[in-house]
Amino acid sequence: MTLRLNVPDLAFAAFLVALGAFAFALASELSVGTAAAMGAGYVPRGLAAIVMIYGAVLGVRAMFVGRQPFPAVAWRPALLIAAAVALFAVLLPRVGLAITSIAVVLCAGLASYDVRLRENAVLAVALAIFSVLLFVSALGLPIPVWPQ
Amino acid sequence: MDLIANLATGFAVALTPANIGFCLLGALIGTLVGVLPGIAPITTIAILLPFTFSLPPASSLIMLAGIFYGAQYGGSTTAILVNVPGESSAIVTCLDGHQMAKQGRAGPALAIAAIASFVAGTFATVVIATASAPLTWLALKFNAAEYFSLMVLGLTGAVVLAHGAPEKAVAMVLVGLLLGLVGIDVNTGAPRMTMDIADLGDGIGFVPIAIGLFGIAELAVTLGRPQDRSLLAVKISNLMPSRTEIRQCIPAMIRGTVLGSVLGVLPGGGAALSSFAAYAVEKKWSRTPERFGRGAIEGVAAPEAANNAGAQTSFIPLLTLGIPGNAIMALMVGAMMIQGVQPGPQVMTAQPQLFWGVIASMWLGNLMLIVLNLPMIGLWVSLLRVPYRLMFPAIVLFCCIGTYSVGNTVFDIWVMLLFGAVGVFFYKVGAEPAPFILGFILGPLMEENFRRAMYLSRGDPMVFVERPISALLLAMALGLLVILVLPAVKRKREEVFKE
């Protein structure tokens with residue numbers, strides 16, 4: 001038998017094994033109890049073990065099912081969207097919704113390959129006004145609008 | 001005539017001015033996201049969930065349900081005019097609907113799609129109303145063991161009917177179940193797998209996970225693909241289909257409705273599956289199968305009827321058994337629990353207003369959709385001309401605000417970001433997030449029933465096969481799995497999903 005790595009399948013299997021092992025370690029401090037009186041750790045540990053074993057089986061299979069490379073990731077949209085979300089988390093408690101919205105939209109807008117900077121800036125201001133009016137003024141969500 | 005009395009209760013709730021408003025709002029938002037490719041109804045429901053918390057439970061569910069079936073109407077508009085499915089259940093509508101549009105029959109295609117949806121919606125409402133009472137009665141006889149087995153069956157169904165590789169769907173269910181257990185154990189009060197993070201005490205937030213997996217991840221993936229939106233420059237002059245066309249459609253509509261109603265109830269079923277199956281059946285039954293793919297009006301009527309019927313009847317397991325059959329219903333469970341309503345058979349008896357109100361609103365919403373949508377098609381079409389680059393930054397922002405507003409903590413934003421990244425990974429390795437969400441919602445419920453059943457049986461696992469209903473449910477789950485691995489079925493299944 002020759003090795004024919006299926007990289008996506010293998011990556012998924014590795015993810016399962018890692019997650020299962022991590023969960024198992026976290027759950028190992030919990031009491032297991034007995035089948036009739038299960039402790040807090042009984043089901044989590046069992047499930048974590050199943051996830052780990054299942055992942056290992058998938059991993060072995062992935063080595064023989066046919067060569068397949070990992071699909072290309074479009075990094076620009078992925079990273080810029082992630083950056084926009086992170087900006088929201090960092091900025092909102094510090095500068096409030098108005099400025100945060102502008103920053104998030106400016107950053108997210110760059111994720112598109114056909115971004116137009118001036119149009120994006122107008123969109124950012126418009127969405128900031130819209131968000132404050134809709135979510136804070138109309139819906140009354142307790143979100144700070146301006147820097148405190 | 002319990003049914004009529006019940007429906008009267010329902011309409012009394014659904015017809016209050018506020019609820020008519022929420023129903024209309026939900027239906028309109030649903031149509032909007034259905035029309036726009038790149039925003040799925042599941043994402044929209046996830047984003048809007050937090051904003052419904054302040055509403056009464058009935059209003060909130062009425063609106064969220066409206067989004068779901070409204071999207072079935074909207075999706076077909078884009079499919080017919082642009083040849084891009086506005087959402088996944090409209091994929092087959094592209095085949096014949098767009099051909100009709102190219103032949104200058106866009107008007108009849110749109111009209112028949114709307115009419116078929118309405119007919120199916122009406123029928124499905126009656127199905128829900130009649131099927132609910134016996135199912136609820138049955139569910140009240142359920143014990144912990146039966147509930148556990150029922151959930152096993154539900155999750156198995158979700159695996160069998162998931163797109164993509166079933167072995168990955170199994171893994172996703174398991175991961176969902178595992179992550180669903182994070183948080184304080186209800187029985188012992190011990191914090192579990194929380195890494196001493198106080199924010200994880202109540203478990204990983206459901207809204208940030210759903211928005212991360214379906215909203216953020218989907219955006220990142222969609223933006224990486226080239227955008228194609230060549231809108232067909234059609235003048236929609238005549239909406240009415242000809243008499244021959246109507247005659248051709250009626251049997252197709254009926255078959256689609258019945259098939260959709262049945263498939264919608266199945267665990268893992270729902271709108272998309274129903275429309276695929278209805279199209280396949282219609283093509284097989286037709287005396288002129290060669291017309292399909294070249295603008296056969298039955299090829300629009302049947303799947304459009306089926307997806308709307310399936311969308312609605314997929315509420316049945318949720319409303320009667322408290323068990324979500326697909327990912328959107330899992331979101332509905334989230335919505336109900338946040339509202340303080342524990343989904344299950346007791347909802348119908350304890351809160352008849354809520355139960356029947358939601359059902360009655362479905363018919364009402366369908367009526368609004370057909371009355372409003374046909375005249376408003378021009379408006380929806382003009383929305384299609386808005387470029388995606390102007391829409392997605394707004395979606396990113398709304399995802400953030402929505403997630404933040406659940407608990408007013410930025411911790412949830414980081415969770416959403418994490419699951420956005422995980423979602424992109426899942427997408428790249430070909431693992432569907434829908435079974436994950438189902439597992440995540442059912443995890444704690446399953447564990448609770450498993451523990452209770454085992455406690456009652458003094459640790460004897462045979463309890464699950466000794467009780468007849470439980471054994472039957474498990475046997476059905478096993479049967480589904482066996483069917484799945486049979487080579488003939490496997491091939492057929494791949495064929496169906498390829499179409």
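**Helix α5 of chain B and its setting in a two-chain model**

The buried residues of α5(B) are covered by elements that include α4 (57-82), α6 (106-140), α11 (271-285) and α12 (298-313) of chain B. Helices here are DSSP runs of H or I with at least four residues, strands are runs of E with at least two, and both are numbered from the N terminus. A residue is buried if 20 or more other C-beta atoms lie within 10 Å of its own, exposed if 12 or fewer, and partly exposed in between, with C-beta atoms placed from the backbone. The model is predicted: local features need pLDDT of at least 70 and side-chain atom pairs count only at pLDDT 80 or more, whereas totals for chains, interfaces and linings use all residues. Residues are numbered from 1 along each chain as its sequence is written, and chains are lettered from A and ligands numbered from 1 in the order in which they are written.

Helix α5(B) is largely enclosed by the rest of the structure, because eleven of its twelve residues are buried. The buried residues are I91(B), V92(B), T93(B), C94(B), L95(B), D96(B), G97(B), H98(B), Q99(B), M100(B) and A101(B). Just after α5(B), G104(B) takes a positive phi of about 85°.

Chain B holds 499 residues, for which a compact globule would have a radius of gyration near 23 Å; the value for chain B is 22 Å, which agrees. The radius of gyration is taken over C-alpha atoms, and the globule rule is 2.2 Å times the number of residues to the power 0.38. The C-alpha trace of chain B spans about 70 × 50 × 45 Å along its principal axes, and 61% of its residues are buried. Two residues are in contact if their C-beta atoms, placed from the backbone, lie within 7 Å. Of the contacts in chain B between residues at least 6 apart in sequence, 80% join residues at least 24 apart.

Chain A presents another picture. Its secondary structure comes to four helices and zero strands. For its 148 residues, a compact globule would have a radius of gyration near 15 Å, but chain A has 24 Å. Its C-alpha trace spans about 60 × 50 × 20 Å along the principal axes, and buried residues make up 36% of the chain. The domain assignment gives domain 1 (7-62) and domain 2 (75-138) of chain A, with bounds that come from an automatic or database assignment. The centres of these two domains, taken over C-alpha atoms, are separated by 39 Å.

The two chains meet where 57 residues of chain A are in contact with 51 residues of chain B. On the side of chain A that touches chain B, α1 (7-27), α2 (42-62), α3 (75-109) and α4 (117-138) of chain A each supply at least two residues. Helix α3(A) gives the most, with 16 residues. By residue type, this side divides into 49 nonpolar, six polar and two charged; Ala, Val, Leu, Ile, Met, Phe, Trp, Tyr, Cys and Pro count as nonpolar, Asp, Glu, Lys and Arg as charged, and the others, Gly among them, as polar.

The largest nonpolar core has 230 residues, and those with the most contacts inside it are I81(A), V85(A), L331(B) and V396(B). Such a core is a set of buried Ala, Val, Leu, Ile, Met, Phe, Trp, Tyr and Cys residues joined through C-beta atoms within 7 Å. Its largest share, 18 residues, comes from α6(B). Domain 1 (7-62) and domain 2 (75-138) of chain A both give residues to this core, so it lies between them. Not counting residues up to four places away in sequence, L331(B) touches I42(B), I45(B), A46(B), L49(B) and A210(B).

Some loop residues of chain B complete the account. Most residues other than glycine have a negative phi. D196(B), in the loop between β2 (191-192) and α9 (206-223) of chain B, has a positive phi near 60° and is exposed, with 6 other C-beta atoms within 10 Å. N408(B) has a positive phi of about 50° and is found in the loop between α17 (388-407) and α18 (411-429) of chain B.
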